[in-house]
Amino acid sequence: MSDTVQRPAAPSTANCTPEQYDALYERSVQDPDGFWLEQAKERLDWYTAPTKGAEWSYDPVDIKWFSDGTLNICYNAVDRHLDTHGDQIALIFEPDSPDAPGRSLTYRQLHKEVTRVANALKAMGVRKGDRVTLYMPMIVEGALTMLACARIGAIHSVVFGGFSPEALAGRIMACESRFVVCADQGLRGSKTVPLKANVDAALAMQGVSVDGVLVFDHTGGEIEMVDGRDHWFADFASDDECPCEEMNAEDPLFILYTSGSTGTPKGVLHTTGGYALWAATTFHYTFDYQPGDIFWCSADIGWVTGHTYVTYGPLINAGTSLIFEGVPNYPDHGRFWDVIDKHKVNLFYTAPTAIRALMREGDSFVTSRNLSSLRVLGTVGEPINPEAWRWYYEVVGKKNCPIVDTWWQTETGGHMITTLPYAHDMKPGSAGKPFFGIQPLLVDNDGNTLEGATEGNLCITHSWPGQARTVYGDHDRFEQAYFSTYPGRYFTGDGCRRDEDGYYWITGRVDDVINVSGHRMGTAEVESALVLHPKVAEAAVVGYPHDIKGQGIYCYVTLNAGEEGSDELYSELRQHVRKEIGPIATPDHLQFTDGLPKTRSGKIMRRILRKIAENDYGSLGDTSTLADPSLVDRLIEGRQNR
Ligand code: WT7
């Protein structure tokens, strides 16, 4: 039996008690349209309020929510708060160096700045429906630009600033984006990130061309500006009024590229109304947000977590969101805790990988800080091991802060399974209970429904407002990737156990996606990068357990005839992948091999490669169908000699 950690007694202000959860959840699944239309009116301002709830089908796939409603998400996140919260802080900026000047913006200042960015985008030629690629450091201007795009009806596509020029170019081309917004440079742990130079490199690649690049002056570092193409924000900004575009609830809001089990990253598309509602509702309940709370989500805006819980969720709720440019270990391993003390953060949201890395440095970095402002702690991105959970709960939260382990995905828009701070007891390692409207379903490999306490593949049945609507420009791929494995269901790609109390325990991906430090990586992407190297013939990439990262990247590589595996080639290939995709994709281990285990029909048996990478040779299963069964011994030998 697993341990249960009791929830704190609900304060009178609690957004959700156990009784309320039960009643609201019941209502949300019995009458989803009634429930969500009510929430939509309560939490959002509409030009035309919707009368339609969900219109959805998973076969063929066609998903709409609130399709006769119109709104603007920037209006909901900014303008509507001016009368009531004009002087309240909306965004706090904590720079990379604790000695550098920070910044904070009231809602009134936020409104002014968003307007200036929106006007600059317009001056560059951006119009409703255009795709705008953002390649930004974690500075206020990232959130401002997202909101500015939304304000004028442009679709933002944020590319994580740690991706390579190659990866950036691919994402610019894939959505035919004609505009890029970047900063001159970013700062991370005192190192500079050459964002503008990377944009230049991306735009120099074949087939990539844009009409305009808008550049924010952040570090003042040396960069090149191309005449006619590149514009300093300051030259284009204006204080003119810039009204919000009236958008249909189903108009696209953003594209976000994410890795899948096959091919290049998919441009997941979210639309306006349902996403706005999902961000607003989940933020309110999951973190038990109370007026005046300071909220800090440490994720980068390049990931969906940053979209929903740095920018949209907090601001739609008229909250205060902290944006941190730096890293957890600079200038020392207590930086997170310093930031929390400095800004009196109440609600903190981070990833298991960061918790594990900080835990390893010992308690003194935490115990030397005060941290008494903390009220709720959140985690996201990968399963959290109970040891790290305990440390977060006991050492960071002093057993006073409920932990919310939020399971969700880029495709889900926001939280899907999580305990709520005062409504549920916690079980370390379990995400907990479904959020309102979420109907999880566990199925076996043949798609048969599994009841009760069981383990299987995690699907979701009924649609929910925050659900992705399509893959930009490739609806077939959307259907194929999420709705074809188990027809009529949204398949998450995760394995999951449900216990006797109805708590869900995510066991990790069951497809060829690996989760490295909470970042999703397609093994196929790393393989494609490897085979681009002139000496590589074939590559197979699998995940293996890694103490800090959760999963590490393990690559089996065969070389072209005449090539020898060497230490030099080993580092060269790691560098090569890093350059092709970005530092987060750097292989942890490479193993040179004379072959890959294939069936007689030529299919690579990844199961065997996974087991060998895990150093688990006892359960390789049936290897008799391999074209060359003797290869297995050589692979094991290679693994052990590594
Ligand atoms: C995958 C989604 C959702 C924002 C960050 C990642 C894994 C995410 C949890 C959690 C166990 C988790 C799943 C999921 N995952 N949160 N709390 N417990 N696993 O978004 O890049 O779209 O990745 O991350 O495997 O499918 P993403």
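**View 1. The annotated domain, residues 79–462.** An unreviewed UniProt entry gives the feature "domain: AMP-dependent synthetase/ligase" for residues 79–462; such annotations may be inferred rather than shown by experiment. The model is predicted, with local features needing pLDDT of at least 70, side-chain atom pairs counting only at pLDDT 80 or more, and totals for chains, interfaces and linings using all residues. Residues are numbered from 1 along each chain as its sequence is written. Over residues 79–462 the chain is 31% helix and 23% strand (DSSP runs, H or I of at least four residues and E of at least two, numbered from the N terminus). The end C-alpha atoms of this stretch are 33 Å apart.

**View 2. An open sheet of 7 strands.** The strand order is β5-β4-β17-β16-β18-β19-β20, with mixed pairing (two strands pair if DSSP finds at least two bridges between them). At the edges, β5 (103–106) and β20 (403–406) each pair on one side only. Strands β4 (residues 89–94) and β17 (residues 320–324) run parallel and are joined by 4 bridges. E94 has F324 as its bridge partner in β17.

View 3. P428 is found in the loop between β20 and β21 (440–443). P428 is partly exposed because 19 other C-beta atoms lie within 10 Å (buried means 20 or more, exposed 12 or fewer, partly exposed in between, with C-beta atoms placed from the backbone). Not counting residues up to four places away in sequence, P428 touches D3, V5, P386, W389 and R390 (contact means C-beta atoms, placed from the backbone, within 7 Å).

Definitions and conventions:
Two residues are in contact if their C-beta atoms, placed from the backbone, lie within 7 Å.
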